[in-house]
Amino acid sequence: MTFSPINNTDNTGDVMALRQNPSADQVGRPTWADIDLAALLHNLGQVNALLHPKQRVMAVVKADAYGHGAVPVCRTLVRAGIIDFAVATLEEAQALRRAGVDTNLLVLGGCFPGQEEGFIRDVLMPALLDLETAERLNRVAVRRRQQISVHLKVDSGMGRVGFTPAQLQLALPRLKEMPGLVIQGLMSHFACADEPCSEVSTEQQHVFYDMIDLVRTSGINPVEFHLSNSAGISGRYCSECTLVRPGIMLYGGLPGDDFAATLDLRPVMHLRSCIAQLRELPAGSGISYGHQYRAERPIRVAVLPIGYADGYNRLLSNVGHGIVRGCRVPVVGRVCMDWIMLDVSTVADVAIGDPVTLLGSAHGVTISGDAMAAQLDTISYEVFCRIGARVPRRYLPSV
Ligand SMILES: *Cc1c(COP(=O)(O)O)cnc(C)c1O
């Protein structure tokens, strides 16, 4: 892996226009995220090792693949044999279609009023959350003399979206009569799968199996059944399921605190910036807004062109770390919108232009998404998602 800053000849051509990659005739500031596609495939291998033979991976690439870039992530996974993907919104699915991703695509957020034509035109499958939406989709499909495949979503205990078991029972006779709909799948979602022994998950699994029976008895025969996110895959066995829906595991995040020992996952995203200025400051100097840091001794401070506008959380003020020349060094002072400062007094030969890793690994030292999330009292999902559009992604090849 290389640590040189992004330049105008890098391989970011795949990236959606949202990302502010330097244009061909211009070099960007030296702040970027390396996306290690070989690590992505390694993590996919870890998921695959947990499946039983009749199961496939439906890779969850919502929110631009948790900030990693949905198009390059999908292309890499397609080359590895994945034919099923899930996103959150119609717009995310359409962006993948425009980029030539022609696999099965499930939209977890469902179909909102007015989006029916968009789903049918691009052959996208909504998670079907209620009967009213089914009526709308059926009407539009019939008018177009087409059919649309959907995955019925049942709320088995998450307390969020989907048919309750009672609602599903009432809806089935009507759903069976809709010529415009193909009930391709039946799905549900765990609430507490990150606690491997949770009785909530056991109960949800029972409800899900009951719903499978109910649907089959009604004469509807979905071909796909799926329930497990990353934590569910790692901690639960679902004999009926044909698909699993990993997200965070693919990106190297742990699905829960209890999985650290059993899973060998590698970080995919490595957030880096280069030292723009170095300054020697005397004891007593205040650093950054509010002088929340005051040097107790003379220090050498490195200034990096990255800040909270890039998704480097302001709560990392005086708390975060960077890796420079193999040393872990602390953030000093408040994180600004566009700059952060590090105390590099201990780093021998530190120089302007040195790359610094703020998330991910360098020289065998790692700041994992989970470690950063713990400092922020959140989960790695949010750390990755928030790395902003202003940070260009550079894709390191998968082979
Ligand atoms: C986001 C999501 C997933 C993936 O969850 P991970 O914990 O990232 O594996 C799976 N299923 C649904 C319905 C989701 O919304």
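## Salt bridges

R272 and D34 pair up through their side chains in a salt bridge, 2.8 Å from N to O (a Lys or Arg side-chain nitrogen within 4 Å of an Asp or Glu carboxyl oxygen). Strands here are DSSP runs of E with at least two residues, and helices are runs of H or I with at least four, numbered from the N terminus. Both R272 and D34 are buried (under 20% relative accessible area; exposed is over 50%, partly exposed in between, with a 1.4 Å probe and protein chains only).

The structure has 17 salt bridges in total. Another one joins R174 and E177 at 3.2 Å, N to O; R174 is partly exposed at 30% relative accessible area, while E177 is exposed at 57%. R29, D310, D338 and R390 form a salt-bridge network.

## About the model

This is a predicted model, where local features need pLDDT of at least 70, side-chain atom pairs need 80 or more, and totals for chains, interfaces and linings use all residues. Numbering runs from 1 along each chain as its sequence is written, and side-chain values use heavy atoms, leaving out hydrogens and water.

## Helix α3

Helix α3 (residues 70-79) is mostly covered, with seven of its 10 residues buried. Those are A70, V71, P72, V73, C74, T76 and L77. Among the elements covering them are α1 (37-48), β3 (84-87) and β20 (393-396). Just past α3, G81 adopts a positive phi of about 100 degrees.

Key:
Contact = heavy atoms within 4.5 Å.
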